[in-house]
Amino acid sequence: MNVAVLGLGAMGTALADALLAAGHRVTVWNRTAARADGLVGRGARRAGSVAEAVAEGDVVIVCILDYADVGVLLEEQAGGGEALRGRVVVNVTNGSPEEARAMAKRVAGLGGAYLDGGIMAVPEMIGRPEAFVLYSGSRAAFATYQGVLDAFARSVYLGEDPGAAPLNDLALLSGMYGMFGGFAHAAALVRSAGGPVEEFTTGLLVPWLRAMCGALPAMAAEIDSGDYGATGSNLAMQVSHDSIGAVSHAQGVSDELFAPVFALMRRRVAGGHGDEGFAGVVEELLRAP
Ligand SMILES: NC(=O)c1ccc[n+]([C@@H]2O[C@H](COP(=O)([O-])OP(=O)(O)OC[C@H]3O[C@@H](n4cnc5c(N)ncnc54)[C@H](OP(=O)(O)O)[C@@H]3O)[C@@H](O)[C@H]2O)c1
């Protein structure tokens, strides 16, 4: 396949390398031209302009820093008119669902088909089995080019709405930051008592979090059904003492990460849901002012 890659930062370079490794004919362009030198040495073709790269690619991968600049590349530098006719743009630049939907329309205006992508990996993970990439947009384009996209990681198609990939990408990152926040608080508590954080993490925290991950599908089913009655650990019991807050203060550790979660749990109990489990706090979030 002829694939063009626009944007050769850490991620764009990893994507282009994966395409080369899979045997595709790869044309690369980067605003700072010298950044393409390594890839050219490894077999990629250098394009002198965005228009030249786009002309060489049946699939055009765009991986830069923001959507406004993607619009400039495609509308002002790709050759104008119907420069994208017959081509598929796969934009893996991070953005919002609204930006993805608007970009799909702009690409259609230039004659192309559009897939938005959310890369669930760091550059070093590209081409490795634990990585996956979310796609949404043109079903036909995904069906035609999945074989090319599979060079990056496991490809997951989420449907025709171009906004689906960025929404799910941000939801996954939100889950990750929640876990990182929990880790930070736990590590601060252990450190405040002079304990070795590494030993605590590998020996206790990781096995504990793995076990707790097992509870998530049942909680998700409660959220989907709206029936929060099926719990073993009720919320009233969980908020009866703010032990985590109290011990944190006693240890000189800020509870600023945990306090908002505890406040939500208390609000849920105050609303008459003390006999239900944790999953119901999602109802409080859905009522954001
Ligand atoms: N790295 C990760 O772990 C990771 C993971 C998932 C998703 N992503 C997403 O992948 C995208 C790229 O990230 P990255 O890690 O490759 O970033 P990076 O290493 O900082 O590279 C940024 C790239 O964007 C280009 N660029 C910036 N502004 C531009 C403009 N106005 N016109 C043309 N090109 C422009 C840069 O070109 P120059 O070389 O000329 O500056 C460079 O190629 C981002 O949307 C990021 O959110 C990254």
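**Cysteines, sheet and a buried serine**

Reader: Which word applies to C63, buried or exposed?

Author: C63 has a relative accessible area of 11%, where buried means under 20%, exposed over 50% and partly exposed in between, with a 1.4 Å probe and protein chains only. The model is predicted: local features need pLDDT of at least 70, side-chain atom pairs count only at pLDDT 80 or more, and totals for chains, interfaces and linings use all residues. Residues are numbered from 1 along each chain as its sequence is written, and side-chain values use heavy atoms, without hydrogens and water. C63 is therefore classed as buried.

Reader: How many disulfides does the structure hold?

Author: A disulfide is a covalent bond between the sulfur atoms of two cysteines. The number of disulfides in the structure is 0.

Reader: Through which helix does the chain cross from β5 to β6?

Author: β5 and β6 are joined by 4 bridges in the parallel sense, with V90 standing opposite L115 in β6. The β-α-β crossover between β5 and β6 is right-handed: with the strands pointing away from the viewer, the path from the first strand over the helix to the second runs clockwise. The helix on this path, residues 97-109, is α5.

Reader: Which residue in β7 is the bridge partner of D116?

Author: β6 and β7 pair over 6 bridges in the antiparallel sense. Of the 8 residues in β6, 7 are buried. In β7, the bridge partner of D116 is S136.

Reader: Which side chain forms a polar contact of 2.9 Å with that of S248?

Author: S248 lies in helix α11 (residues 243-250) and is buried, because its relative accessibility is 0%. Leaving aside neighbours within four places in sequence, its contacts (heavy atoms within 4.5 Å) include L189, V253 and D255. A polar contact is a pair of N or O atoms within 3.5 Å; within protein, one must be able to donate a hydrogen and the other to accept it, and residues adjacent in sequence count only if both atoms are side-chain atoms. The polar contact of 2.9 Å joins the side chain of S248 to that of H185.

Notes. Helix = DSSP H or I, 4+ residues; strand = E, 2+ residues; numbered from the N terminus. Disulfide = S-S within 2.5 Å. Pairing = 2+ DSSP bridges.
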